[in-house]
Amino acid sequence: MNFGPSLKKIVTDIFISISIALALMFVVESGLRILYPEKVLDIAEERRRIQQLAYRYHPDYLVALKPNITKTFNRDRVNGGDVIHWKTNSDSFRGNELRPQHELRVIVYGDSNIQARFSRLEHTFANILENHLKSISGKDVEVINGGIVGAGPDQNLIRFSLEVDIYKPDVVIFHIFADNDFGDIIRNRLVEVDHDGVLVRTDFKPTTDQLLENKESHLLVTKAALKVVNAVSGRLASLKSD
């Protein structure tokens, strides 16, 4: 039995249907963009805002620095009014590119006190420590700034477990800010102590922070369709409750 012509017709019909659907979506999207130009501007502004952020969502430890960024921090006048320019390298650490050759490598994990976007590079803890260790040891020491604004000890421990085999540090320093870091452990819900007293990851599934990443569709036709679906679902739910 020959199914050739039938199969060919099915494939052709599917291709035509998809082409018509895409063409119709293009026409509707173009029409919506003409009718609602302010919506197009809102979407463009949201994309620009996210692209300019120095931070991104990370599925394992919630927040990470973006690689190869250059940012500016303006100090308040009471704190000197300085303009601080800071950057990250290709590995997403604040500072210059990591050196391929070194006698001793140290990574310092911590929060805003370590990242220190409010301070010049030479005044950061990591840079001061590097110069001090070089001076007293006479060795080629590299100290990596692993600070991220707002990072708690739970996030830093998870991050360390993911990075230790990549960067192979000789020494690791975990900075703890007692004023708020222990509260992060409760808020983040990333780790807990099991019945044997062992620290383990929880089953909690964090969601993307919309301030860091917006995964919503940028198509107006999709947004319109979702509004219609939500409106219909809400109406059906109210009718059912009545």
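**View 1. Tyr109 is a buried residue with 1% relative accessibility.** Buried means under 20% relative accessible area, exposed means over 50%, and partly exposed covers what lies in between, using a 1.4 Å probe and protein chains only. Please keep in mind that this is a predicted model, in which local features need pLDDT of at least 70 and side-chain atom pairs count only at pLDDT 80 or more, while totals for chains, interfaces and linings use all residues. Residues are numbered from 1 along each chain as its sequence is written, and side-chain values use heavy atoms, with hydrogens and water left out.

**View 2. Here are the aromatic pairs, of which the whole structure has four.** Rings of Phe, Tyr and Trp (its six-membered ring) pair if their centres lie within 6.5 Å; planes under 30 degrees apart are called stacked, over 60 edge-to-face, and the rest tilted. Phe93 and Tyr167 form one of these pairs: their centres are 5.1 Å apart and their planes meet at 75°, so they sit edge-to-face. This pair joins distant parts of the chain, 74 residues apart, with Phe93 in the loop between strand E4 (83–87) and strand E5 (104–110) and Tyr167 in helix H5 (residues 153–167). Helices (H or I, at least four residues) and strands (E, at least two) are DSSP runs, numbered from the N terminus. Phe93 is buried at 1% relative accessibility, and Tyr167 is buried at 10%. Tyr109 and Phe174 make another pair, with centres 5.7 Å apart and planes at 20°, so this one is stacked. Phe174 is partly exposed, at 36% relative accessible area. Ring pairs also bring Phe160 into a cluster with Tyr109 and Phe174.

**View 3. Helix H6 (residues 181–188) has Asp181, Asp184 and Asn188 as buried residues.** Looking down the axis of H6, these buried residues fall within an arc of 30°, so they line one face of the helix. The arc is taken from the directions that run from the helix axis to the C-beta atoms. Strand E2 (62–65) and H5 are among the elements covering the buried residues of H6.

**View 4. Arg189 follows H6 and has a positive phi near 55°.** Most residues other than glycine have a negative phi. Arg189 is in the loop between H6 and strand E8 (191–193) and is partly exposed at 47% relative accessibility. Arg189 also lies over the face of Phe204, 4.0 Å from the ring centre. For a charge to sit over a ring, NZ of Lys or CZ of Arg must be within 6 Å of the ring centre and within 35 degrees of the ring normal. Lys168 is not a glycine either, and has a positive phi of about 45°. This residue lies in the loop between H5 and E7 and is exposed at 58%.

**View 5. Arg117 sits in the loop between helix H3 (112–115) and helix H4 (125–137).** Arg117 is partly exposed at 31%. Beyond its neighbours within four places in sequence, Arg117 is in contact with residues including Tyr55, Phe73 and Trp86; contact means heavy atoms within 4.5 Å.
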